[in-house]
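Dear colleague,

Please find below the structure that I am handing over to you.

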Amino acid sequence: MRRVAVAVVSIAAAGFVLAGTVAWMRPSVRRQNLQFATVERGTVDETLQASGTVVPLIEQVVSSPVEARVVRIGRRAGDRVRVGDELLTLDTAATRLDVARLGERVSQKESETAELRLRLEETIATLRAQIEQKKLDVEILHYTAEQKEKLRAAGLTAQQEALAAAASAKKSDIELRQLQEALTRSLHSRDAQLASAQMDLSIARREREESERQLDLAMLRAGRDGVLTWVINEEGATVKRGEVLARVADLSAFRVVATISDIHAARLAAGQRVRLDLDDTTLAAGTIDNVDPRIDNGMARFSVTLDDRANPKLRNNLRIDVHVIRGSHAGAIRVRRGALGQGLTEGVFVVSGDRIVRRTVRYGLTGDDYVEIVDGLHPGDEVVISNMNDYAGVNELRLD
């Protein structure tokens, strides 16, 4: 019995060794360890991956119109505001003094302009009176010269007297012409001086109006309905002119500001379509409206206009995935990407009965979820989409 038992054990061991050797020579893989996908027809989008932030479509920036001190803060961040609501108040004592000073300057300019106008009008009136008087003198001298000429022709007076009378008439013509030219020059000079004075007066008035406008803006108010997203929170703080004091956002409509690696910056262009995903769910779609040419810390920035700006799922400062669509093919032969799409061509394992067989496949567009099949597969084929790098030299595997 011992000899029989030893023989049986030896035969069993030999059988196990032989079975293991055959199994080793014919490699296999467990189906449950692999991921499979079925080739189908559908749309394939080739995309660039970016990161985006949802921001209000319109945000009013409230800045200080003057250098002043914050007297009172009327609203806090998060408050809803309507047009005209007071946000905060600034100390405007210095601005009021500036308004008064500019008002005095305007009054002075108005007085100087009126005085200049009167003086110039008086000069022109004097020249016109001189011209009228000179016209009478010219008529008299011309009449005298004509009479002298008649008397000389009749031999009743000397030729010298007739010539003297004619010379006096010509002299009066020259003097009249000089006075008329002086009047023309005075009119031009008057217009130029008054225009200059009026310009100085207009500048002074605009400066006064601007100072009054800044004084009015010192009680900072909301320019639109919305939510106060930020406001300076220190009463008594001194602020400079142009410093941002508050931001009012309209949270009924949004846009997206996105960043992408500068490697892809040259591939971005206004008008490209964009898909926005949140937690692997498509949230919205839109179009690139602007690409910032500047590169900051290796990242390029662009903005997206949304098709549905009032989507209720959108929230201010929400972080989302942005997929810039570089190309799209509808009705293409496609398969879920998984670990596929690492090159233009690739060896892919296709299910054939109880085996998987390697087949060379050529790809087209490669998206985040799907890859387009140009050649090598047909709709209905079942494909292994797991990473099969461990079987690089194997063309066929048995499925267990």
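**Polar contacts and charged groups**

In this predicted model, the side chains of Thr 53 and Arg 319 make a polar contact at 2.6 Å. Thr 53 is part of strand 3 (residues 40-63) and is buried, its relative accessible area being 16%.

The structure holds 15 salt bridges. In one of them, the side chain of Arg 31 meets that of Glu 382 (3.8 Å, N to O). Arg 31 sits in the loop between strand 1 (28-29) and strand 2 (36-38), while Glu 382 belongs to strand 18 (residues 382-384), so this pair ties together parts that are 351 residues apart in sequence. Arg 31 is partly exposed, at 36% relative accessible area, and Glu 382 is also partly exposed, at 29%.

A further salt bridge joins the side chains of Glu 132 and Lys 135 (3.9 Å, N to O). These two residues are 3 residues apart in helix 2 (residues 93-153), a separation of about one helical turn. Glu 132 is partly exposed, with 48% relative accessibility, as is Lys 135, with 34%.

Arg 275 and Asp 277 also form a salt bridge through their side chains (3.4 Å, N to O). Here Arg 275 is buried at 16% relative accessible area, and Asp 277 is buried at 9%.

Finally, Asp 279, Asp 280, Asp 321, Asp 368 and Asp 369 form a negative surface patch. Of these, Asp 368 lies in the loop between strand 16 (355-366) and strand 17 (370-375) and is partly exposed, with a relative accessible area of 32%.

With kind regards

Methods:
Residues numbered from 1 in each chain as written. Predicted model: local features only at pLDDT ≥ 70, side-chain atom pairs only at ≥ 80, totals over all residues. Heavy atoms only, no water. Patch = residues over 30% accessible without salt bridge, like charges linked within 9 Å, V, L, I, M, F, W, Y side chains within 5 Å. Areas by Shrake-Rupley, 256 points an atom, 1.4 Å probe, with all protein chains shown as cover. Salt bridge = Lys/Arg side-chain N within 4 Å of Asp/Glu carboxyl O. Lys, Arg positive; Asp, Glu negative; His and termini not counted. Charge placed at Lys NZ, Arg CZ, Asp CG, Glu CD. Helix = DSSP H or I, 4+ residues; strand = E, 2+ residues; numbered from the N terminus. Buried < 20%, exposed > 50% of the residue type's maximum accessible area, 1.4 Å probe, protein only. Polar contact = N/O pair within 3.5 Å; in protein donor to acceptor, adjacent residues only side chain to side chain.
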